[in-house]
Number of protein chains: 2
Amino acid sequence: MTRIGIYGYGNLGRGVEAAINQNDDMELVAVFTRRNPDELVIKNQTAKVCNVKDMADWKDKIDVMILCGGSATDLPEQTPECAKYFNVIDSFDTHARIPEHFANVDASAKASGHIGIISVGWDPGMFSLNRLYGNALLPEGNDYTFWGKGVSQGHSDAIRRIAGVKDAKQYTIPVESALEAVRNGENPALTTRQKHTRECFVVLEEGADAAKVEEEIKTMPNYFADYDTTVHFISEEELKANHSGIPHGGFVLRSGVTGWNKENKHIIEYSLKLDSNPEFTSSVLIAYARAAHRLANEGASGCKTVFDIAPAYLVNKTGEELRASML
Amino acid sequence: MTRIGIYGYGNLGRGVEAAINQNDDMELVAVFTRRNPDELVIKNQTAKVCNVKDMADWKDKIDVMILCGGSATDLPEQTPECAKYFNVIDSFDTHARIPEHFANVDASAKASGHIGIISVGWDPGMFSLNRLYGNALLPEGNDYTFWGKGVSQGHSDAIRRIAGVKDAKQYTIPVESALEAVRNGENPALTTRQKHTRECFVVLEEGADAAKVEEEIKTMPNYFADYDTTVHFISEEELKANHSGIPHGGFVLRSGVTGWNKENKHIIEYSLKLDSNPEFTSSVLIAYARAAHRLANEGASGCKTVFDIAPAYLVNKTGEELRASML
């Protein structure tokens with residue numbers, strides 16, 4: 001049995017709570033919040049709700065703490081801090097800052113003799129793994145990653161900050177013809193605009209100027225200016241009825257060649273189609289929590305990523321069972 | 001540098017020879033054959049060709065021996081035998097006999113202090129890995145594996161054994177509508193017939209009875225009787241011109257649910273589209289040969305499968321480089 005703590009109870013924390021229910025060898029023992037614990041109601045009937053400041057009291061009652069905060073400000077602080085007391089897992093997803101975060105978690109986890117696994121989810125996470133496997137198997141080739149169709153929280157937030165916008169949802173959509181070109185082994189060189197389009201559903205404040213808002217979205221640097229962007233103005237009811245989910249997904253492809261004269265082409269494709277981005281990420285976190293617990297029981301310590309974890313550690317079966325049923 | 005030996009020089013052995021050329025940290029030192037070494041010409045200009053009976057002389061000159069024989073009779077003997085002298089990799093693919101083969105290689109490799117990695121390729125191999133990851137991430141769900149479009153050597157051979165058949169190629173083809181149903185999250189229960197069709201290109205001996213041959217193919221138990229099979233009679237020239245490649249591939253899907261009320265669906269799909277089945281298998285073998293050498297250098301021994309190998313071992317980069325470039 002792996003005793004799990006959840007640190008932070010947003011979409012991701014609730015996803016982890018649900019995922020624990022789908023795994024017989026997992027038990028939720030406590031949820032930690034920065035709020036008043038009395039004001040937080042969780043679904044699990046037996047787990048405790050605690051304030052984060054009492055975390056150290058749970059040192060010997062939790063096998064793995066799953067950090068469910070954001071990558072911008074929460075995880076850089078919280079993951080190294082929690083690694084003083086627990087084996088930890090997080091879904092840190094600021095790609096450029098991974099080396100720094102890794103070093104901080106590694107130092108903390110090594111000092112306390114714990115395991116930390118960072119950047120666990122689907123990108124970084126399963127997509128990273130597939131980039132690695134693709135490069136390992138086809139060393140001469142090209143990598144392609146497409147995201148979507150799915151909701152980008154960052155882009156939706158950017159639209160919401162525009163004056164006159166009441167609410168908004170933004171979908172990132174891979175360009176089908178670009179995907180097809182990659183699948184056909186054409187090895188296209190693709191610009192940002194050729195890979196993804198952006199579709200926005202916007203609810204205006206009363207009296208707002210639709211044309212002005214649309215112009216402001218389409219010309220927004222970094223977020224939209226480099227993409228073909230479509231803007232739909234809809235009612236608040238319509239947004240709620242048709243756009244309240246958090247789907248996502250995408251594609252990782254490796255296109256490469258083999259043969260003495262590099263005469264044979266090969267395409268490896270991995271794709272995800274997810275109804276709920278945070279719930280799938282939570283499921284990945286739980287699988288790696290199992291691995292963290294096992295590695296810790298073997299005496300390992302320090303920071304790891306999905307690259308360092310042998311697949312067999314992720315499933316609650318013996319090597320013998322795995323070889324007989326899945327190999 | 002990993003010094004590689006190749007045991008057996010058929011399609012797979014030649015694929016390994018070519019794959020070594022694509023990896024800077026790999027060097028082919030010798031090819032072992034049961035034939036007279038003087039009669040075997042290999043492409044590599046520096047490696048030696050030796051008879052298998054002299055294998056033990058190479059004990060300290062080869063880091064990993066890659067077994068390139070067949071699963072029916074070669075590998076059950078050869079892999080445990082070679083593990084007495086070398087770290088070994090094979091692509092043993094008789095799924096039902098994997099536990100027995102694992103035990104034999106494990107005993108031999110442990111006794112001599114070597115590493116053996118068996119059943120390396122794409123199925124078993126990369127497809128197995130994706131079945132495992134799928135089950136780890138979506139514990140409540142269904143597995144689907146489709147093969148093709150690709151040449152089945154076993155089915156082609158079965159046709160060639162029919163009286164009146166001069167030559168033949170058989171393609172296994174996944175049923176597109178079944179694949180689509182899985183992708184749509186319909187979780188269909190699929191019969192053998194509903195998953196794959198079989199397409200045969202047959203060259204007849206002069207004077208052979210086409211109708212009789214076609215009937216014999218379509219009613220052949222195990223191989224064709226349970227499938228919708230199409231038979232085309234073509235000329236020897238046409239077979240050579242259009243059907244001399246060895247393409248293959250397929251799809252592994254995991255369809256599962258998450259959420260407190262299991263309300264969200266997720267589809268994970270992994271697919272391969274391979275111009276050359278043996279060359280892709282060879283590329284997988286080389287990546288795992290790298291892992292075997294590293295594990296051996298760390299002092300590990302015994303038999304492993306792809307399930308036991310952390311992905312980072314497969315690529316010639318440091319953990320730091322991997323985290324910065326692929327995570």
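Helices (H or I, at least four residues) and strands (E, at least two) are DSSP runs here, numbered from the N terminus. This is a predicted model, in which local features need pLDDT of at least 70 and side-chain atom pairs count only at pLDDT 80 or more, while totals for chains, interfaces and linings use all residues. Residues are numbered from 1 along each chain as its sequence is written, chains are lettered from A and ligands numbered from 1 in the order in which they are written, and side-chain values use heavy atoms, with hydrogens and water left out.

**Backbone details**

Let us start with the backbone. Most residues other than glycine have a negative phi, and most peptide bonds are trans. In chain A, A:Gly148 and A:Lys149 are joined by a cis peptide bond, and A:Lys149 sits in the loop between strand 7 (141–147) and strand 8 (150–151) of chain A. Chain B has a cis peptide bond between B:Gly148 and B:Lys149, with B:Lys149 in the loop between strand 7 (141–147) and strand 8 (150–151) of chain B. The omega values are set out below.

| Cis peptide bond | Omega |
|---|---|
| A:Gly148 and A:Lys149 | about 0 degrees |
| B:Gly148 and B:Lys149 | about -5 degrees |

A:Asn187 has a positive phi, near 45 degrees, although the residue is not glycine. You will find A:Asn187 in the loop between helix 6 (176–183) and helix 7 (192–195) of chain A.

Two strands are taken to pair if DSSP finds at least two bridges between them. In chain A, four strands form an open sheet in the order 8-9-10-11, with mixed pairing. Its edges are strand 8 and strand 11 (228–233) of chain A, each of which pairs on one side only. Strand 8 of chain A runs antiparallel to strand 9 (residues 165–174) of chain A over two bridges, and A:Val151 has A:Tyr171 in strand 9 as its bridge partner.

Chain B also has an open sheet of four strands with mixed pairing, in the order 8-9-10-11. Strand 8 and strand 11 (228–233) of chain B each have a single partner strand, so one side of each lacks a neighbour in the sheet.

**Where the chains meet**

With contact meaning heavy atoms within 4.5 Å, 67 residues from chain B and 67 residues from chain A take part. Together the chains bury about 6,100 Å², 63% of it on carbon and sulfur atoms; buried area is the accessible area (1.4 Å probe) that two parts lose on being put together, summed over both. B:Gln22, B:Trp260 and B:Leu327 provide 15% of the area that chain B buries against chain A, more than any other three residues.

Strand 13 of chain B gives the largest share of the side that touches chain A, with 11 residues. Strand 13 (residues 264–274) of chain A also pairs with strand 13 of chain B, in the antiparallel sense, over nine bridges. Within this pairing, A:Ser271 stands opposite B:Glu269.

How many salt bridges are counted between chain B and chain A? The count is zero, a salt bridge being a side-chain nitrogen of Lys or Arg within 4 Å of a carboxyl oxygen of Asp or Glu.

**How the copies are related**

Superposed by least squares on the C-alpha atoms of residues with pLDDT of at least 70 in both, chain B can be laid on chain A with an RMSD of 0.0 Å by a turn of 180 degrees and a shift of 0.0 Å along the axis. The two copies are therefore related as by a two-fold rotation axis. The same surface serves both copies, as 100% of the contact residues of chain B recur in chain A. Of the residues of chain B, B:Ala310 comes closest to the rotation axis, with its C-alpha at 1.9 Å.
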